Amino acid sequence: MSRRGPAAAFRARTRRAAWALPLLLSRAACAAAPAGQGKHASPTPPGTVALGEGAWLLPGHYAPPRQPDGNSLLFAGPGGWLVVDTGRHPGHAQAILAAVHDSGRPIRHVLNTHWHLDHVGGNPALRAAHPGLRVLASPAIHGARTGFLAGYADQLRGLLAAPPAGVDTDALHAELARIEAGEALLPDEAVNAGGGRELAGRRVQLGLAPDAVTAADLWLFDPASGVLAAGDLVTLPAPFFDTACPRGWSAALQALEAQPFTTLVPGHGAPMDRAGFVTWRGAFESLRACAASPAPASDCAEGWLRQAAPLLPDEAARMQARALLDYYLAQVLRGPSALRHCADAGERAAAARPAR
Ligand SMILES: [Zn+2]
């Protein structure tokens with residue numbers, strides 16, 4: 001684990017600064033999406049935003065210095081609920097449980113789009129409340145537990161042994177406890193390939209994106225509502241590159257654009273329509289190309305702000321995007337091990353070493 005590892009990213013994301021204002025999840029943008037119409041229209045669960053036929057968004061929040069919760073999606077099926085992603089903090093998991101409570105129906109399936117703690121952290125609480133549920137996820141979490149998450153846990157223990165001034169030690173303890181939840185985070189079923197599935201009685205399409213935001217990300221398309229759950233393959237106010245392989249990520253975005261969705265729900269931020277996604281993807285590709293060029297990093301960050309402007313709701317979002325991109329350009333995209341999360345990183349490093 002490098003000196004600038006996940007704990008450095010934690011500090012970068014949680015540093016108290018002028019831009020540390022709540023990133024507003026635009027309720028206005030959500031409200032513009034079609035409400036749950038159709039012959040099986042159900043009442044909107046509390047705390048959620050209707051997206052389409054039997055599909056609701058439970059918004060995650062990202063308000064530095066607090067670590068983020070990813071967005072969750074709730075899909076109602078004849079067999080109960082399908083939940084996509086479970087957030088990080090206990091409050092987010094409790095909001096999911098409260099949202100489904102009045103329906104009297106169980107959570108049948110949880111799909112984790114990827115293993116980041118802001119998407120799997122609520123798994124233990126949901127399992128405890130709905131013991132019959134099955135968690136589906138890619139097998140990448142197994143590698144993460146012995147790799148990235150183990151290194152992150154060591155860094156958290158180091159910080160807790162000698163906490164720097166101003167660090168929220170309660171948040172560090174809670175983060176460490178989430179990693180130590182271990183088995184309760186893991187899937188009951190490892191998804192190794194995309195394809196059609198029936199989850200909670202709903203026919204959905206799963207996609208597997210290797211070597212993208214993590215070693216293997218999942219996305220879900222629900223034809224009945226037209227909703228595409230993209231996980232962190234799409235995030236606002238900027239892409240999160242902590243564990244990413246940018247080249248594989250580009251391929252995943254191409255696959256997403258080929259889906260016949262009407263509403264794309266990103267891992268963080270407000271839902272977007274197809275035009276919004278095309279804008280986001282264009283900004284992502286420009287950022288990648290700029291990062292690979294000799295252009296100053298500030299040009300790359302400003303290019304993102306310019307191109308993604310229609311998706312950034314306010315000045316707080318723009319300032320947060322700028323802070324994230326300054327960090328990612330310096331430490332990840334242009335760092336000495338920029339491609340370390342790509343599957344062939346080991347082979348490439350070996351090939352670059354002089355022969356003996
Ligand atoms: Zn996330």
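**Buried turns, sheets and helix packing in a predicted model**

With 25 C-beta neighbours inside 10 Å, Ala200 counts as buried, and in this predicted model the residue is found in the loop between β8 and β9. Although Ala200 is not a glycine, its phi is positive, at about 55°. Asp85, which lies in the loop between β4 and α3 (90-101), likewise has a positive phi, here of about 70°, without being a glycine. Asp85 is buried too, with 33 other C-beta atoms within 10 Å. Such values stand out because most residues other than glycine have a negative phi.

The chain that holds these residues contains 13 helices and 12 strands. Of its 356 residues, 47% are buried, and among the contacts between residues at least 6 apart in sequence, 67% join residues at least 24 apart.

In the loop between β11 and α9 lies Pro237, and the peptide bond from Leu236 to Pro237 is cis, with omega near 10°.

Strand β3 (residues 72-77) runs antiparallel to β4 and is joined to it by five bridges, with Val84 of β4 as the bridge partner of Leu73; the two strands are connected by a hairpin through two residues. With strand β5 (residues 107-111), by contrast, β4 pairs in the parallel sense over four bridges, and Leu82 stands opposite His109 in β5. In the loop between β2 (55-58) and β3 is Pro65, and the peptide bond that leads from Pro64 to Pro65 is cis, with omega near 15°.

Among the helices, α10 (residues 274-291) and α11 (residues 297-307) pack at an angle of about 170°, their axes being 9 Å apart. An angle over 145° counts as roughly antiparallel, and α10 and α11 are therefore roughly antiparallel to each other. To this contact α10 contributes Gly282, Ala283, Ser286, Leu287, Cys290 and Ala291, while α11 contributes Asp299, Cys300, Gly303, Trp304 and Gln307. By class, the contact of α10 with α11 has six nonpolar, four polar and one charged residues.

Helix α8 (residues 169-180), finally, has 12 residues and reaches 16 Å from its first C-alpha to its last, close to the 16 Å expected at 1.5 Å a residue. Just after α8, Gly182 takes a positive phi of about 50°.

How values were computed:
Residues are numbered from 1 along each chain as its sequence is written. This is a predicted model: local features need pLDDT of at least 70, side-chain atom pairs count only at pLDDT 80 or more; totals for chains, interfaces and linings use all residues. Axes are lines fitted to C-alpha atoms, for helices over the stretch in contact, and angles run from 0 to 180 degrees between N-to-C directions. Angles under 35 degrees count as roughly parallel, over 145 as roughly antiparallel, 65 to 115 as roughly perpendicular and the rest as oblique. Two residues are in contact if their C-beta atoms, placed from the backbone, lie within 7 Å. Ala, Val, Leu, Ile, Met, Phe, Trp, Tyr, Cys and Pro count as nonpolar, Asp, Glu, Lys and Arg as charged, and the others, Gly among them, as polar. The expected span of a helix is 1.5 Å times one less than its number of residues. A residue is buried if 20 or more other C-beta atoms lie within 10 Å of its own, exposed if 12 or fewer, and partly exposed in between; C-beta atoms are placed from the backbone. Two strands pair if DSSP finds at least two bridges between them.
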